[in-house]
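Subject: Structure for your review

Dear colleague,

Please find the structure below, together with its sequence.

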Amino acid sequence: MYEEEYQQIKDILHRLQVDSNSKIVFLVDKNGQQIAVEGDMRGVDATSLASLTAGNVAATDGLAKLIGEKEFSILFHEGERDNIHISLVAQRVILVVIFDEKSSLGLVRLRVKKASQELERTFEQLLRKAEADRGSMANRFDSPFAEITDEDIDSLFSE
Amino acid sequence: MTFINYAAREINCKIVYYGPGLCGKTTNLQWIYDKTNPQAKGKLISLATETDRTLFFDFLPLDLGTVRGFKTRFHLYTVPGQVFYDASRKLILKGVDGVVFVADSQEARMEANIESLQNLEKNLREQGYELKTVPYVLQFNKRDLPTALPADQMYGQLNFKGEPTFEAVAMNGTGVFDTLKAVAKLVLTELKKK
């Protein structure tokens, strides 16, 4: 992930959160790794949210395949106070919007659609950049783990 | 797939505990959860049936500290061991960085161990991994039971590629952290190669 695109993603999420009048907007990859978040996360366990969302999407994906669908691109969970709207962006990342009665499903869907298109463009740009870098940077840009030692690893478990 | 976030200086690795039903995968996680200090761990999420059998997965995020300035976080998952949950097991293996196979030492469960190991190999292959190359650790659990088979015999039947193998009693924590440490080490060593 590059700084520039990361900032772009944050901006898109922020706009989505304001425009859709929602509480939290959250981006996760399909393996359950959190990518970015906007909104008030106090009292919400972000890691668990990411992992369960990915599990949820994976299970729904499995269901889709069973009945011969490619995917279900939108999931919606309605609660008494809060609701969760989950959608797939560019078939690779998961966009989660949490909202209450200050917003509505219609508004969220509309804004999510717009934001998804923007996110798709950003991810394409990101991919192209990564692709281009793979050749030229491979030798110059050493992974910080190239020189990791056994002592480094042992020290993680020292307590 | 290890997720390295250079902006936030974080590495996230996914470790999956695999094995036959009732072999003690969840018990391993429960012990790790109980014995880790509160700042280093997240919530232990257990998606289980009313009789406490794992239905989809258990999940425990663990912060181990920093390596070369990068915050190292391990996401530990277990699969549901029961044979008929195979579709769920496949999903959980997606994006895995390291696997722990928990074998049940009881003689009567040996067949189940072998079946589960073959299932692991097959499911990994479907996700594009090979058990031969993926960071992998073996654990013989329930060593305290009188019906436990000799470790040598189990090693002969279950060890796949000379992977690190540990004897454990997950109920009282014996061998649990040794197993985790070994797999974490393999995963981080793998990063070195990339």
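The buried residues of H4(B) are covered by several elements of chain B, including E6, helix H3 (110-126), strand E7 (136-141) and strand E8 (165-167). Please note that this is a predicted model. H4(B) spans residues 151-158, and its buried residues are Ala151(B), Met154(B) and Leu158(B). These residues lie on the same side of H4(B), because they cover an arc of only 60° around the axis. Asp152(B) and Gly156(B), on the other side of H4(B), are exposed.

In soluble globular proteins, nonpolar side chains tend to be buried together. In this model, the largest nonpolar core has 31 residues, and those with the most contacts inside it include Ile15(B), Phe74(B) and Leu188(B). Chain A gives two or more residues to this core through its helix H4 (150-156), while the contributing elements of chain B include strand E2 (10-18), helix H1 (25-35) and helix H5 (176-193). The largest share, 8 residues, comes from H5(B).

Beyond its neighbours within four places in sequence, Ile15(B) is in contact with residues including Phe74(B), Leu76(B), Val100(B), Val183(B) and Val187(B). There is also a second, separate core of 29 residues, which includes Ala58(A) as well as Ile45(B), Phe57(B) and Leu91(B).

**The sheet of chain A**

In chain A, 5 strands form an open sheet with antiparallel pairing, in the order E2-E1-E5-E4-E3. Strand E2 (34-39) and strand E3 (74-78) of chain A each have a single partner strand and stand at the edges, so one side of each has no neighbour in the sheet. From one strand to the next, the twist averages 15°. Helix H1 (residues 3-19) of chain A packs on this sheet, where it touches strand E1 (24-29), E2 and strand E5 (93-99) of chain A; the direction of the helix makes about 40° with that of E2(A).

Strand E4 of chain A (residues 83-89) pairs with E3(A) in the antiparallel sense over 5 bridges, and the two form a hairpin with 4 residues between them. One of the bridge pairs is Glu78(A) with Asn83(A) of E4(A). E4(A) also runs antiparallel to E5(A), to which 7 bridges join it; Ile84(A) has Ile98(A) as its bridge partner in E5(A). In the hairpin of E4(A) and E5(A), Ala90(A) takes a positive phi near 50°. Finally, E4(A) is largely enclosed by the rest of the structure, because 6 of its 7 residues are buried.

With kind regards

Notes. Residues are numbered from 1 along each chain as its sequence is written. Chains are lettered from A and ligands numbered from 1 in the order in which they are written. This is a predicted model: local features need pLDDT of at least 70, side-chain atom pairs count only at pLDDT 80 or more; totals for chains, interfaces and linings use all residues. Side-chain values use heavy atoms; hydrogens and water are left out. A nonpolar core is a set of buried Ala, Val, Leu, Ile, Met, Phe, Trp, Tyr and Cys residues joined through side-chain atoms within 4.5 Å. Buried means under 20% relative accessible area, exposed over 50%, partly exposed in between (1.4 Å probe, protein chains only). Contact means heavy atoms within 4.5 Å. The arc is that of the directions from the helix axis to the C-beta atoms. Two strands pair if DSSP finds at least two bridges between them. Axes are lines fitted to C-alpha atoms, for helices over the stretch in contact, and angles run from 0 to 180 degrees between N-to-C directions.
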